[in-house]
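Please look over the model below before reading the notes. The comments are kept brief and go from the overall picture to single residues.

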Amino acid sequence: MVSATPVTPADAPSPAASGSHRARRGRKRGLWSFWPQYLAVSPYFLLFAVFMLFPILFSLYLAFQKWDGLGEMEFVGLRNFEFLLKDDLFWLSLKNTFLIWFMSTVPMLFLALVLANLLNSTVRFTGFYRIAYFVPNVTSVVAIAIFFGSVFSSTEAGLINVILGWLSSSPVPWLVNEWTIKIVIATLICWQWTGYNAIIYLAGLQAIPDELYEAAKIDGAGPLQTFFRVTIPQLRPVILFTVVISTINGMQTFTEPQVLFASNAANAANSGGPGSAGLTSILYFYREAFNYNDYGYGAAIAWALFLVILLFTVINWRLVQRRDRTAKGGS
Amino acid sequence: MTRKRFLGVGLQLTMLTGVVISLFPFYWTAVMATNTTRDMYTVPPKLSPGPELFENIGRLLTNIDFFGSMLNTVIVAVSVTALVLFFDSLAAFTFAKFDFPGRNVLFGLLMLTFMLPSQLALIPQFVIMVNLDWVGTLKALIVPAAANAFGIFWMRQYISGAVPDDLLAAARIDGCGFFRQYLYVALPVIRPGLAFLGITTFVGAWNDYVWPLIVMVDPSNLTLQVALSQLNTAHNTDYSMIMAGTLLAVLPLAVVFTLFARGFIRDAMKGALRG
C-alpha cells in the first residue's frame, strides 16, 4: 500500500528553477518508482478512455453508417450528412436553439448585472438574499419545467391566464403559439440562472479595488460614468466567463422542452410542441437516436451540432479579441 | 439624509421583489400540492395552502413507486459523490504536490477533455451499456460518473493553496509514504474544499436527467427525475398529485442546500474568479 521510495513533492516556490534538477532525479529513479502517482491519477483517465474517448471516436464512425443498434451496420458514406443539409427539421431545431439561447441569455445577464450591483450596495440580509437568489439554480429542471407547464397552461388552472383574466385581458395560448413557447422556455432558463450569474458578478464586483472608485470620484465621475468606465471594464473577464457558460448551456437546452411537451397528445413524442417551436437541436438528436433508433443519423446530428457550436465559439472569441485590441489601441 | 433613507428602502423593496420571484414557484408548488385539483379550477383559485397534502401523496404512491425512485436517486447521488470526492481529491493532490514524468502532459489532456461536448458520446455510451448488460441498472449511472475533470481541476487549485509543503516534507521525514501523506496530511485540511465539490456533485447527480432518461429503461426502476417526468406525461391533468410529487422531490435538496449554502456560495464565487 505505502510506497517505500521517497517521493519528491513540488515544494519549490518556482517550479522552473528546480525543474531540471527534479527531472534528472526522476529519470534516474525510473518510471516504476512513480507507481503511486500514476495509480492516483489513473481512475479519471481510465473512465475517460472507456466512457468518453472511445464513444466519441465510435460516434464519428457511426456518422457514416446506417444502424438501428440491433442489426448489421451499413456503410453509407456521406449520405447522413447530405440528408442533414436538406433536413428542414434540423435547421428549424438550430434556429429554435439559437433563438431560445438569445431570448434567455440577454435579459438574464442584464438582470444579473443589475442584481449584483444591488446586492453589492446592500449591507443588510446579504446572506439571506444570496441564498434566496441561488436556490433556483440547484432545483431540478424537470421540477421547474413541470411547474412552468402548469402555470402557463391554457386551461382555467393556468395561473398566468387566471391573472390575465383578472386584468380583464384575454387568455394567451402560451404553450401553443410559436413565439410564446420560446418565451416560456426562455423565462424558465432566466428564472433558474439569473441568481447564479448575479452571484458570479458579485464576486467580480467585490474584487474591484476601492482605489479605482476613489480615483473616479476625485476625477468627478458621476455614478453612471463610474459604472461604464470603471465597473464594466473591470468586470470584463467575469462577464466573458458567464457568456461562455451560458452559451455552452444554451446550446444544450433539452430538458425544458422535453418535459414541457412530453405529454402533448396532439404531437408525436419529443417533437418540441405545436409546430415544433420548442424543438431544440439536442431534443431532435435525442428523438432521432433514441425514439427512432437511427443511431447513424443521430451521430451525424451530434457531430454537425458540435461543429456549429465550435464555429460559433470561434466567431465569438474573435469578436471579443478584436474588441480587446481596439480597446488597447485606443488607450 | 432622508433621501438616502428613501433610497435604502427602495433598494430593500427591489431586493425583496427579486426574492419573491425567486421563491414564488416553491410556494405555489406547495399550494397546488396541498389543495385538490378542483380547487385550482375555481375562480378565483385558492392562493393559500390547503389540507389535502396527504390525500395527494396517497394518490401519488398508488401511481408510481415514488420512494423506490427516491431510494435509487439517493443511492446514485451518495455513491457518485463519495467516489468523486475520493478519486478527484487524490488525483488533484497528486497533480498539485508531486512531480512525476508526464505530469504536465496528463494535466493538459485533462483540461482538453473539458471542452468535449457530452452529446457526442451518448449513443456509443448507450451501446456500451447494452453490451455490459448494465442498461436499467444503477451501475450505468454511477460508474461513468465516478471521477470528473472539473473536480480534479477545482481541487488542484484548492489543494495548491491549502496544503502546506512543509507539512508534507515533515511527514515524509517521519516515513509517511504517498498514500499516508494524502490520508493524514492532506485530507484533514481540505475538508472545506471537499464540502463544495461534494455539494456540487450531489446536486448534479440528484438532478441529472438526460442520461438516466436514456439508460433507465425499466419503468418500475427509475430515478426520481425520470419518474417525475413520466408521471407528468401520464397524468398531466391531476395537477395536485403531480405537484405533491414535485414538492417531495425538490424539498430535500432545497433544505440540504440552504443548510450548507453560506460556505458553498462563497466557494462558488471564489471559483468563478479563478476561472
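The points below concern a predicted model.

1. Fold of chain A. The secondary structure of chain A consists of 13 helices and two strands. Of the 331 residues in this chain, 39% are buried. Among contacts in chain A with a separation of 6 or more, 63% are between residues 24 or more positions apart.

2. Contact between chains. On chain A, 81 residues are in contact with 77 residues of chain B. Helix H2 (residues 35-62) of chain A supplies the largest share of the chain A side, 15 residues. By class, that side has 60 nonpolar, 17 polar and four charged residues.

3. A helix pair. In chain A, the axes of helix H4 (residues 88-121) and helix H8 (residues 178-206) come within 6 Å and cross at roughly 35 degrees. The crossing of H4(A) and H8(A) is right-handed. The residues of this contact comprise 22 nonpolar, six polar and one charged.

4. Ser168(A). This residue is not a glycine, yet has a positive phi of about 45 degrees. Ser168(A) sits in the loop between helix H7 (159-166) and H8 of chain A. Ser168(A) counts as exposed because it has 6 C-beta neighbours inside 10 Å, and the cut-off for exposed is 12 or fewer.

5. Ser276(A). The loop between helix H11 (255-260) and helix H12 (281-291) of chain A holds Ser276(A). Is Ser276(A) buried or exposed? Ser276(A) is buried, because 22 other C-beta atoms lie within 10 Å and the cut-off for buried is 20 or more.

Key. Residues numbered from 1 in each chain as written. Chains lettered and ligands numbered in written order. Predicted model: local features only at pLDDT ≥ 70, side-chain atom pairs only at ≥ 80, totals over all residues. Contact = placed C-beta atoms within 7 Å. Helix = DSSP H or I, 4+ residues; strand = E, 2+ residues; numbered from the N terminus. Nonpolar A, V, L, I, M, F, W, Y, C, P; charged D, E, K, R; others polar. Axes fitted to C-alpha atoms, helices over the stretch in contact; angles between N-to-C directions. Left-handed = near helix turned anticlockwise from the far one by under 90°.
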